[in-house]
Every structure is written in C-alpha cells, then in structure tokens.
Amino acid sequence: MTRSVRIRRAALAAGAATALAATLFTAAGAYADPAPADAPDIDVKAVKADLDQLQSIADANGGNRAHGQAGYKASVDFIKGKLDKAGFTTRIQEFDNNGAKGYNVIADWPGGDEGKTVMAGAHLDSVPAGPGINDNGSGSAGILEVALAVANSHLKPAKHLRFAWFGDEEDGMVGSRAYVDKLGADKSKIDSYLNFDMIGSPNPGYFVYDDDSRLEKVFKDWFATKKIATEKETEGDGRSDHASFKDAGIPVGGLFSGADYIKTEQQAKNWGGEAGKAFDACYHQSCDTSKNLDEKALDINTDAIAHAIWQLSS
C-alpha cells in the first residue's frame, strides 16, 4: 500500500517517516503493533472456475461427489493438487464409514504460533443425489481460493493457519468428528474454527454463526462496513462440521447463505431475492449444479472469509 524535484522527494520521504513513527509510537511513549494488513479481494471468477471443475468431476463420476464414490476421491485429488503447488503442507487423513474409506484434506501454511491455530473448514462431499455445487462446493471453493490468496500474498501470520476439507459430512459430520477425535490434547491449540457450508445459495441470505461472540463480531463488523444486513444463523445449528468442534469446546464461527428454509418478506426486503421461496430450492437434489449459485453472494462471502482469516491470524 505504498500507494520532480529533489526537494519534493525529500519532503515526501520525511512525511512518510513521520507518519510511520506516529503509527508505531503511542502517546505514552511505547511502541504498538502495526494494524493487520487488509485481506486481498478474492476473484469470484476463480471461485467459479473451481466449482466448474467440481461439476466436471461429478459429471465424469455418476453425477455426484459423495462419500465412498469415485467423484469424492477425485475432488480430494483436485483440492490437494492446488494446495501442494501453492506451498502448503498437506496431508490426507483417512477414516472409515458405512464400509467405505473417507478422506479429509488438511493443509497447513508454514509459520505462525501452532499453539494458537486458526482453522477454516468446509465439507467437500455431496449427497448421492447430485453434484453438490452449492452444498458444499461453494464453501470448499471459497476457502480454497482464500488459502491460495494466503500463499500468493506470502502472508506471515502471527497465529498458525490451517485449512480443512472434510469428508462424509452428509452422513453426520463423520470426517470432522474423526479429525477432532484424533486431536487429543491438541484441541487446546485450536484458537478458532470457522465453518463455511453453503455460501452461494441462489436466493441468498447472509447468516452469521453466533456461537462465539468474538468470532461473530469479526464477520458482523465486516458486513456492516458493506452495509449488508446480517442475521444469526439458526438453520444449520448442529447440522454441519462446526458442531464437531463446538462439542469439543473449541470456539466456532462461520457464514451460511441458507438451505431449504423459506425467505421471509423482511429478508427479501433486506437482501433481495424472492420471498416465499427457499434460499436454495435445489438443496440435496440433482439440480444443485454450477447453475445453482448466486455470484454476488459467493463473492461477498468469500471476501468476508478472507477478511476473517487475515484479522484473526494477525
């Protein structure tokens, strides 16, 4: 954000030095930490390109990306490949459920205090009925592009950063429960877990998890600067991977754009869209394709994720 005359150059340099000193030096004469850098804008076209790839994977594998199916494993390979190339330390955590092997993708960004780890997660699997592009390709692609932005920015966070894509959420948060169960004493090292399950619903709402006031405030304040009304998220309580972390005593937060609940007149007034219709009429159906998205909601929510990651890890 560093954003022709020798004397003028000297004056500008002196002014910059004075401004820097004023920022770092408090009235009491003590030095303060600089404010965290602003998160970059996440290109929604990149998010949509990832979703197109997940759609192609489903199309090539029986129309879905469900636990135990080839489409899910191909989704894992796609996500891991992009993270490996970007410089993350990735690992695949295996678990078993319903006679099939499941997979979680865990990606760590080098550096930061591992005793204070900030996590962002999303479930990568779909239901067997369809490709699951909003549920939950949207959250998976959103945190993927935020992770890639961390790499592209060469971010040096004070807290450790970890991203996770969980398997078999649709059978009861199986993958995330397996992950949390294996943490053992390391549960205390998780500063916060942020969950993103459905962030591009075609008739969207803007819902913020209210499970932890500190994390809720990070998101609500950001939306307020954009003059976007928010509501407390209640539809997904206990129905997504944050429940696995919350049950273990880990602070959780997150965003949600709505599933099969019906948008009210007041919500339509606040957010646009159609009152009397579901936030996502294709929830858990074959029509949850790459056409089943609201680009504006996807863009806004992904930028909100980036803001939270930058702020919470500073």
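The points below concern a predicted model.

1. **K73 and D77.** D77 pairs with K73 in a salt bridge, with the closest N and O atoms 2.9 Å apart. Both residues belong to helix α3. They sit four residues apart, about one turn of the helix. K73 is partly exposed, with a relative accessible area of 33%.

2. **D191 and K159.** The structure holds 15 salt bridges. One of them joins the side chains of D191 and K159, at 3.4 Å from N to O. D191 is in strand β5 (residues 190-196) and K159 is in strand β4 (residues 159-166), so this pair ties together parts that are 32 residues apart in sequence. Both D191 and K159 are buried.

3. **D191 and R214.** D191 also forms a salt bridge with R214, where the closest N and O atoms are 3.4 Å apart. Distant parts of the chain are linked here: D191 is in strand β5, R214 is in helix α6 (residues 213-225), and 23 residues separate them. D191 has 18% relative accessibility and counts as buried, because the cut-off is under 20%. R214, at 35%, counts as partly exposed.

4. D50 of α2 takes part in the contact with α4, as does E145 of α4. D50 is again listed for the contact of α2 with α3, and K82 is there on the α3 side.

5. **Helix α2 against α4.** The axes of helix α2 (residues 44-59) and helix α4 (residues 133-152) come within 9 Å and cross at roughly 130°. That angle makes α2 oblique to α4. The crossing is right-handed. From α2, the contact uses A46, V47, D50, L51, L54 and Q55. From α4, it uses I133, G137, S138, A141, G142, L144 and E145. By class, the residues of this contact are seven nonpolar, four polar and two charged.

6. **Helix α2 against α3.** The axes of α2 and helix α3 (residues 70-86) also come within 9 Å, and they cross at roughly 150°. The two helices are therefore roughly antiparallel, since the angle is over 145 degrees. This crossing, too, is right-handed. D50, Q53, L54 and I57 make the contact from α2. G71, A74, S75, F78 and K82 make it from α3. The residues of this contact divide into four nonpolar, three polar and two charged.

7. **H242.** Which helix holds H242? H242 is in helix α7, which spans residues 242-246. At 2% relative accessibility, H242 counts as buried. Leaving aside its neighbours within four places in sequence, H242 is in contact with Y193, N195, Y209, D211, G236, D237 and V252.

Technical notes:
Residues are numbered from 1 along each chain as its sequence is written. This is a predicted model: local features need pLDDT of at least 70, side-chain atom pairs count only at pLDDT 80 or more; totals for chains, interfaces and linings use all residues. Side-chain values use heavy atoms; hydrogens and water are left out. Axes are lines fitted to C-alpha atoms, for helices over the stretch in contact, and angles run from 0 to 180 degrees between N-to-C directions. Angles under 35 degrees count as roughly parallel, over 145 as roughly antiparallel, 65 to 115 as roughly perpendicular and the rest as oblique. A crossing is left-handed if the near helix is turned anticlockwise from the far one by less than a right angle, and right-handed if clockwise. Contact means heavy atoms within 4.5 Å. Ala, Val, Leu, Ile, Met, Phe, Trp, Tyr, Cys and Pro count as nonpolar, Asp, Glu, Lys and Arg as charged, and the others, Gly among them, as polar. Buried means under 20% relative accessible area, exposed over 50%, partly exposed in between (1.4 Å probe, protein chains only). A salt bridge is a side-chain nitrogen of Lys or Arg within 4 Å of a carboxyl oxygen of Asp or Glu.
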